[in-house]
Structure formats: C-alpha cells, structure tokens
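Hi everyone, thanks for coming.

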Amino acid sequence: AKCLQHKIEAYITMIECQTSQKGRLQDGIRLGLSVLKKLGEVFPKKPGILHVIREMMKTKRVLRGRSDEDILDLPVMKDEDKIAALRVMNSMTFATFCDEDSKLVFALLSIRMMAVMCRYGHSTWSPLILASYGGLEAALGNPNVSRRYLALFDEMVKRYPSTRTEGRGLFMVHSLLSQWCEPYSYGIEGTKRGYILGMECGDFEFALFNSAVYMSLAQFGSMPLSVLENDARIFCQQMQDFKIETMLIVAIPVWQVALNLLGEATDEPWILTGEAMDLDEFEAGLASGTHIIARQSLISLRVDVASQFERFDLLEELYKPYVKGRDQAFRGHSANFGISFMEGLVSYKLYRFTGKRKYRKQARRATKRVQGWRKDGVPDCIPVALCLEAEEMVLRDQRQKCRKVEVLRLYNDAIGHAKEFGIWKWEAIFNERAFHVALQVYKDQSTAEPYLQEALQCLERWEAYAKVEWLENRYGMYLSR
C-alpha cells in the first residue's frame, strides 16, 4: 500500500484482532491511537479528567443551538481521512471501555466522534456515534438526554441503513444508553436483534458482543434459566470458535451461574466451578490482564450467588474489591443498576450479620445512589429503590418495631413493580426479604409464610432449583402442610 488510506482496512483488522485476544487490549488501543495520529486525530498519551472536560466543552459548543432535525439533516461526510478516523475509533470503543487504564480514552473517543460528525457530516457510523455519545452524557450526570439520543439513533438507522452499523449500534445502545429510559426487557430484545444482524452480515465479533450483553440482561427478565443456559452454551462455543476471547471471559461466568442455580453444579452452588469453568483457574487467568469488565463481572456474579445462599464468609471476602471496582468498571453500563442494588442489599445483610458500621454506611450510599436514579426516571430502579428503602426502614425500626405495615407496603410495592417488569429474579428476592423481615424482625409467622411460598413459586418458574432446595431445607417448617 502506497498511502495511509490503502492501509486502513489492514490496520482495523489488526486492531480488532488484537483487542479480541485475551491480554492484548492495550496492544490494540496503542495501535489505534497511533493510526489516529496519522489521520490528524491526536489524543493525549495519559489522559486525565480535565482532558475529558475540555473535549466535552468543545463538542457542546459545536452542538449548541442544534435541534434534532439539524443533527439529522447534516450533509453526507466526504472527507476520506475523517471517515477513516471514525472507522478506527469505532474499532477501539469496546477495548477502551473494557481496559482498566483506558476508560478516559473511551470517553474521549465518544466525544471526538460526535464532534467529527457534527463538523464533517454523516457517515454509516453516525447511529453508533449517537448511541455512544448519548450514553456517555447520561453517565456523566445528564440521564434525561437518553431518550433523545435513543430516538436519534433509531431515525439515523432508517436514514442510513446498514446491517453492520445497526448491529454494532445496538450493542452500544443496550450497553450504555437504553437502560436510562427503557426496562431491561427492551435491551434483551434489542441485543437479540443485534446478534442476528451481526451473524447475517458476517460481523461475528459484534454479533457475539451483543450476545454477551443479552446474557447479562436476560438474568433480569422472564426467561427460565434452562433457556439462558442453553443460549449461553451456544454463544460461548461461538466465541471460542471465532476466538473472541475478550468477550468469552465475560460470558463464561454467566453460563456457570445459570448451571449452578439450575442445580447442575456441585453441592456448593455458591462456588462458580463446574462444566463451564474452574473458579481458581479462571481467576488466575484474569489476574495478569487489564480487562476490568471481566474481572468485576466475575466478582459481581460471585457476590450475587453468595448472597442468594447467605454465604457471609464469601461476602466479606469479596466485599472490598466488589465495592471498590463497581464505579470504575460499570459506571454508565447497563449492569450498574443491578450491581448497585446488590451492593446495597449485601451491605444491609452484612451489617445485620456483623454489626460493623462500615456496611451500614455503604448500604446508605448505595440506597441513595439507586434512589437518585429512580428520581431521574430509570425504570428498572423503581423496584430496587423500594426494596432498599424497606431495608433501611427495617434498621431504623429495630428497637420500636412499630412500622411493620409501612415496611411491608414497600416490599409489596417492590414486588408489584418486579412483576410488572417481568423480572422473576427480583420478584423472588423481594418476597424472600419480606419473609425474613416479617418472621425475624416482627415475629409474625402468619404474615411471613405467604411471602416464602411466593418466593418459591418465582424461583421454580425461573428454574433456580438449587435455591428452591436450599430454601426448603432451611425454612421447610414454615411451608403450608
């Protein structure tokens, strides 16, 4: 190749090849940044938050006064260098989001792509740019823009139809944007479509990126675990076949969790070892890498399962890295709401179990965070905010024990919203928590028993047979004869 333009395709292939391989995220990112420099898009070697603020302010000046129609009616981009730069930036977005040292690079890329689009016009990458920038703005404290950018994405897909771009855009939409204004069920259907589109056009990498988000979201839907386990098995095999290692290490623990809850693992379902993975080997493989999403996803799933089976020893062991890594790994990500809820719930549980004030302090922080998102209009934060509010009220009522009706009303409202959104997992958790509180705090067995029955019915519908067996063994005396 005699000029840079002729080398772009090869560079992009190299970037995507490197960033899909385990342990090589930073190699692909460095290559991408060097190519962008040649194309006139220079980024700082060690970006700080001030770089992001300055870049955002510049882009906001470009956007100032532009209506949705103004953005949609931009001319077609003709500058070949800028088109090439957008292609390179797009090839780097996933890697920079996953790499623990490159989160600010991801932010800079999202902002820069938006600025380039506004200055030079639309390309086939415009839908993805709108999704990425909108998700970033929402994560930076402006969640009200989410619906606007979601609508802009949908309209741009119609105006610039491209199966490849739509598939990639759906991955970005349902990783970073749609959760601010739509329930998880919307993301489940969207990522399913993104997977199909990617497979149809041969964009296997982003097809399987979509499948991983689908697996993560499907835990919060009306889907039996046997269906999720079968889907996870297929997707993990495809990731292995296509050597999409950076996403495979995110997906495998989700598959193992499904196996554990189905009762197809060991006699210790809180240990993520079985057909899909060996926990010790898996952790050792992640320890030397910089894939913070994979590392924190594993910790989050381990905390979730340990909480389900009340393994307080494991919860205390995992607590510090769990809380410390959440914001760095998942800020702005669709997983953040569910993980923040679990952070709050686990903190309340650990405070009751240990009496250590640090847990109550963190519980209040998580509760405040989730309640703030609820006020911002995040649909899926409605039920979990109600549950955490109930947990906090129980602690305040430990001595006088005079607010039983109020506490149970909050749990009932949380259960009702979980039913409305079709989130079987949360419906079961809320019923179980109401059972424990009614029985152990308010000593009201007749009120408590129906909640246990309802929790078991939810778990059986979800096919979490290991949890059903655990509950029956532990609290069988409270089940109707």
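This is a predicted model: local features need pLDDT of at least 70, side-chain atom pairs count only at pLDDT 80 or more; totals for chains, interfaces and linings use all residues.

Residues are numbered from 1 along each chain as its sequence is written, and side-chain values use heavy atoms, with hydrogens and water left out.

So, helix H16. Helices here are DSSP runs (H or I, at least four residues), numbered from the N terminus. H16 covers residues 312–330 and bends by about 45° at Leu-318, with a proline, Pro-321, following within four residues. That bend is the angle between axes fitted to the seven residues ending there and the seven starting there.

Leu-318 is also one of the buried residues of H16, along with others including Phe-312, Tyr-322 and Arg-326. Buried means under 20% relative accessible area, exposed means over 50%, and partly exposed is in between, using a 1.4 Å probe and protein chains only. What do those buried residues pack against? Helices H5, H6, H15, H17 and H18, with contact meaning heavy atoms within 4.5 Å. Just after H16, Gly-332 takes a positive phi of about 85°.

Now the pockets. A pocket is an open set of points on a 1 Å grid over the protein atoms alone, where a 1.4 Å probe fits, with protein on both sides within 12 Å along at least five of seven lines; lining residues have an atom within 4 Å of a point. The largest pocket is lined by 17 residues, with Arg-30, Leu-33, Pro-44, Lys-45 and Lys-46 nearest its centre. Helix H2 (residues 25–38) gives the largest share of that lining, six residues.

The second largest pocket has 18 lining residues, and the closest to its centre are Lys-103, Leu-104, Leu-136, Leu-140 and Arg-331. Our helix H16 comes back here: H3, H6, H7 and H16 are the elements that each give two or more residues to this lining.

How many disulfides does the structure hold? Take Cys-236: the nearest cysteine sulfur, that of Cys-98, is 15 Å away. Cys-236 is buried or exposed, which one? Its relative accessibility is 3%, so Cys-236 counts as buried. Cys-402, on the other hand, is exposed, because its relative accessible area is 55%.

Conventions: A disulfide is a pair of cysteine sulfur atoms within 2.5 Å.
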